[in-house]
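Here is a short briefing for a first look at this structure. Keep the sequence and the 3D view open while you read.

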Amino acid sequence: MRRTLFFFSAILITLCCYGNTDKTGLPRGKEDTRVAAAAAAFHQAMIDIDTTHTTEIRSFMLVRKGKVVYEKYCGNETPQTPREMYSIGKTLVALAVGCAVDEGKLSLSDRVIDFFPDDLPATLPDGMKDITLRHLLTMNCGLEESPTLLSIFNPSVQGKDTINWVREFFASPMPHKPGTYFYYNLFATYIVCTIVEKATGMPFIDYITPRLLTPLHIKALDYDKSPQGVFIGAWGVRLCAEEMAKIGQLMLQHGKWEGHQLISRRWMKQMTNLQVPSALHIALEKNTPKPKEEKVDPNEIHSQGYGYFVWRGTNDTYRAEGQFGQVILVHPKTDTVLVLTNYTKMYKEFYELIEQYLYPVL
């Protein structure tokens with residue numbers, strides 16, 4: 001009898017001391033009431049300024065010092081609801097490249113055309129042979145997107161499933177020399193995914209599963225493929241808020257997770273630090289012509305600089321960002337990761353309100 005009582009007492013003490021024994025999720029801390037109030041004010045402000053009445057706040061999570069101190073799910077959203085994260089997939093691709101670089105399978109100086117000898121145009125434009133993996137990761141490869149590739153977003157276009165994305169990428173206009181012009185190119189990410197597959201000899205997801213997904217306890221990742229069966233990366237990844245927070249926490253911890261260095265600190269520093277100036281289109285060298293109508297606002301959210309598929313932000317932050325307000329914002333100085341999933345078209349106001357209401361409580 002005493003042994004039985006001792007056994008159950010030990011279990012009770014363990015549960016009281018450690019709470020939830022499920023190790024797959026982020027640990028929970030005491031809810032921060034200041035964050036809760038700021039999140040509510042942010043939410044209301046977004047709704048109030050949206051004259052189109054289309055903004056939808058879906059989820060909000062703040063992780064401080066490795067513990068979730070606030071989370072909120074709106075409407076029909078649940079902690080397990082996976083959502084299309086759009087360009088946040090790009091950051092996942094950059095992490096995968098880091099693994100391949102650490103293993104000696106890739107180098108930033110690798111020439112892109114060397115991976116695709118059978119997919120190049122008969123006549124190479126000037127500069128195409130000089131495009132490197134680094135140019136793709138920093139969005140200044142010199143190529144712009146071809147109408148054929150962009151047509152895949154048009155629901156009325158027939159035969160989209162027969163387009164060879166790699167060949168069309170290299171057939172795109174090339175008005176700039178590599179490294180001279182920042183042009184946010186969706187399909188550059190897809191080419192990086194294809195390079196990872198060629199360099200590692202396995203499908204992209206098979207490569208990252210034991211290196212990233214399994215350690216982070218991200219199971220059965222839902223994602224889209226190209227007509228050639230390759231992970232797209234630039235969009236089509238579906239994640240829930242906590243999975244996004246784990247990716248942010250991995251970046252905040254310089255690639256370390258549960259005592260294991262999944263990606264080298266060296267790579268994480270390069271990936272999340274400023275690599276090139278940015279705006280949606282901007283000349284990187286003084287001798288590169290810039291469109292007359294282009295005016296770069298130094299305070300605009302996309303003009304703070306770019307790493308490897310990561311945007312730099314104000315207050316020494318950096319972020320993974322997806323269309324319509326999907327954000328993983330990392331603030332190293334306060335040891336926090338902020339995750340927001342939304343539907344909004346008010347980008348300028350969205351980030352202004354983040355700075356006004358949420359930055360002060362990070």
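Helix α7 is mostly covered, with 13 of its 15 residues buried. Buried means under 20% relative accessible area, exposed means over 50%, and partly exposed lies in between (1.4 Å probe, protein chains only). This is a predicted model: local features need pLDDT of at least 70, side-chain atom pairs count only at pLDDT 80 or more, and totals for chains, interfaces and linings use all residues. Residues are numbered from 1 along each chain as its sequence is written, and side-chain values use heavy atoms, with hydrogens and water left out.

**Helix α7**

- α7 covers residues 186-200 and reaches 22 Å from its first C-alpha to its last. That is close to the 21 Å expected at 1.5 Å a residue, where the expected span is 1.5 Å times one less than the number of residues.
- Asn-185 caps the N-terminal end of α7. A side-chain oxygen of Asn-185 lies 2.9 Å from the backbone nitrogen of Phe-187.
- After α7 comes Gly-201, with a positive phi near 75 degrees.
- Thr-194 is part of α7. Thr-194 counts as buried because its relative accessibility is 7%.
- Leaving aside residues up to four places away in sequence, Thr-194 touches Phe-116, Val-166 and Val-230. Contact means heavy atoms within 4.5 Å.

**The whole protein**

- The protein has eleven helices and twelve strands. Helices (H or I, at least four residues) and strands (E, at least two) are DSSP runs, numbered from the N terminus.
- Of the 362 residues, 52% count as buried.
- Among contacts with a separation of 6 or more, 71% join residues 24 or more positions apart.
- The protein exposes about 17600 Å², and carbon and sulfur atoms supply 53% of that area. Accessible areas come from the Shrake-Rupley method with a 1.4 Å probe.

**The six-stranded sheet**

- Six strands form an open sheet in the order β2-β1-β12-β11-β10-β9, with antiparallel pairing. β2 and β9 (311-312) stand at the edges with a single partner strand each, so one side of each has no neighbour in the sheet.
- Two strands pair if DSSP finds at least two bridges between them.
- Strand β1 (residues 56-64) is largely enclosed by the rest of the structure, because eight of its nine residues are buried.
- β1 runs antiparallel to β12 (residues 336-343), and eight bridges join them. Ile-57 has Asn-342 in β12 as its bridge partner.
- Six bridges join β1 to β2 (residues 67-73), also antiparallel. Here Ser-59 stands opposite Tyr-73.
- β11 (residues 326-331) and β12 pair over five antiparallel bridges. Val-330 has Val-337 in β12 as its bridge partner.
- Helix α11 (residues 347-358) lies across β1, β10 (318-322), β11 and β12, at about 140 degrees to β12. Axes are lines fitted to C-alpha atoms, for helices over the stretch in contact, and angles run from 0 to 180 degrees between N-to-C directions.

**Turns and loops with positive phi**

- Most residues other than glycine have a negative phi.
- β1 and β2 form a hairpin with two residues between them. Lys-65 in that turn has a positive phi of about 55 degrees.
- Asn-315 sits in the loop between β9 and β10. Its phi is positive, about 60 degrees, although Asn-315 is not a glycine. At 43% relative accessibility, Asn-315 is partly exposed.
- Asp-335 lies in the loop between β11 and β12. Its phi is also positive, near 55 degrees. Asp-335 is partly exposed, with a relative accessible area of 25%.

Notes
Polar contact = N/O pair within 3.5 Å; in protein donor to acceptor, adjacent residues only side chain to side chain.
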